[in-house]
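Please read them with the structure open.

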Amino acid sequence: MDLKTEIKNTIDENMVVLYMKGTKEMPMCGFSKAVVQALGEYGIPYVDVNVLEDPEIRVHLSELSNWPTIPQLFINGELVGGCDITLELHQSGELKRRLEEAEKTVLSSGE
Amino acid sequence: MTPEKVQHLIEEGLSGAVVEVTDLQGTGDHFSAVVAWAGFESMTLVQQHQAVYDTLGEFLTREIHALQLKTRTANDASEKD
């Protein structure tokens, strides 16, 4: 399976996916760390992908999402945004709503 | 890269936009920008940011390593926070 398909599957098959620099235990960039901290407040499971492991990840990911920078947060296969947007939604309570809504769709689809 | 150049690129790409750019660290590669543009009205937050990123093309990630962005639709452009 080529990398692009692998990325697409990861995004589509997981409720919440965070492409970041480093890991959620050890973020390697301030913006990635800020998103990890925000997500940490919701206690929801999410997949973290360390783009530093393979520079090709970033190239294919940006083609897929049309978003040039890292981190990138996806909920139910949809790009939420980078650090700015995620924090803005976090402060406004919109991120909480979208996460709860995502959990409902996952539960109702019997996954 | 200078804040003026970043501002110019965004203004050229989004005609009529009001743009403020500051160099966050004085290193010419970490910027913050506030962009007010009427065209944002019909866009989601993600699309607004993508529209700004598109105006910067290759500069983004090559010369501009980080861009903290605040977007506003034109009518609340006067709102200062």
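1. In this predicted model, the side chains of A:Glu63 and A:Lys4 form a salt bridge, with an N to O distance of 2.8 Å. The two residues are 59 apart in the chain, so look for them in separate elements: A:Lys4 belongs to helix α1 (residues 3–13) of chain A, A:Glu63 to helix α3 (residues 55–65) of chain A. The pair thus links distant parts of the chain. Over all chains, the count of salt bridges by the rule used is eight.

2. Next, the sheet of chain A. Four strands make up an open sheet in the order β2-β1-β3-β4, and the pairing is mixed. At its edges are β2 (47–50) and β4 of chain A, each of which pairs on one side only. On average, and with direction ignored, neighbouring strands of this sheet are turned by 25° against each other.

3. Strand β1 (residues 16–20) of chain A is parallel to β2(A), and four bridges join them. A:Leu18 has A:Asp48 in β2(A) as its bridge partner. Two helices pack on this sheet. Helix α1(A) touches β1, β2 and β3 of chain A, and its direction is at about 135° to that of β1(A). Helix α2 (residues 30–40) of chain A touches β1 and β3 of chain A, with an angle of about 160° to the direction of β1(A).

4. The antiparallel part of the sheet is found where strand β3 (residues 72–75) of chain A meets strand β4 (residues 78–81) of chain A, over three bridges. A:Ile75 is opposite A:Glu78 in β4(A). How many residues lie between β3(A) and β4(A) in the hairpin? There are two, and A:Asn76 in the turn has a positive phi of about 50°.

5. Chain B also has an open sheet with mixed pairing, here of three strands in the order β1-β2-β3.

6. One pair to locate is B:His30 and its bridge partner in β3(B), B:Ala66. Helix α2(B) lies across β2 and β3 of chain B, at about 125° to β3(B).

7. Now the interface. Contact between the chains involves 13 residues of chain B and 14 residues of chain A. The size of an interface is often given as the accessible area lost when the parts come together. For chain B and chain A, the buried area is about 1,200 Å², 63% of it on carbon and sulfur atoms.

8. The rule finds one salt bridge across this interface. It joins B:Lys70 to A:Glu88, whose closest N and O atoms are 3.4 Å apart. Between chain B and chain A, four residue pairs are in polar contact. On the side of chain B that touches chain A, at least two residues each come from α2 (45–56), α3 (59–62) and β3 (66–72) of chain B. Helix α2(B) gives the most, with six residues. By class, that side has seven nonpolar, four polar and two charged residues.

Conventions
Residues are numbered from 1 along each chain as its sequence is written. Chains are lettered from A and ligands numbered from 1 in the order in which they are written. This is a predicted model: local features need pLDDT of at least 70, side-chain atom pairs count only at pLDDT 80 or more; totals for chains, interfaces and linings use all residues. Side-chain values use heavy atoms; hydrogens and water are left out. Two strands pair if DSSP finds at least two bridges between them. Contact means heavy atoms within 4.5 Å. Buried area is the accessible area (1.4 Å probe) that two parts lose on being put together, summed over both. A salt bridge is a side-chain nitrogen of Lys or Arg within 4 Å of a carboxyl oxygen of Asp or Glu. A polar contact is a pair of N or O atoms within 3.5 Å; within protein, one must be able to donate a hydrogen and the other to accept it, and residues adjacent in sequence count only if both atoms are side-chain atoms. Ala, Val, Leu, Ile, Met, Phe, Trp, Tyr, Cys and Pro count as nonpolar, Asp, Glu, Lys and Arg as charged, and the others, Gly among them, as polar. Axes are lines fitted to C-alpha atoms, for helices over the stretch in contact, and angles run from 0 to 180 degrees between N-to-C directions.
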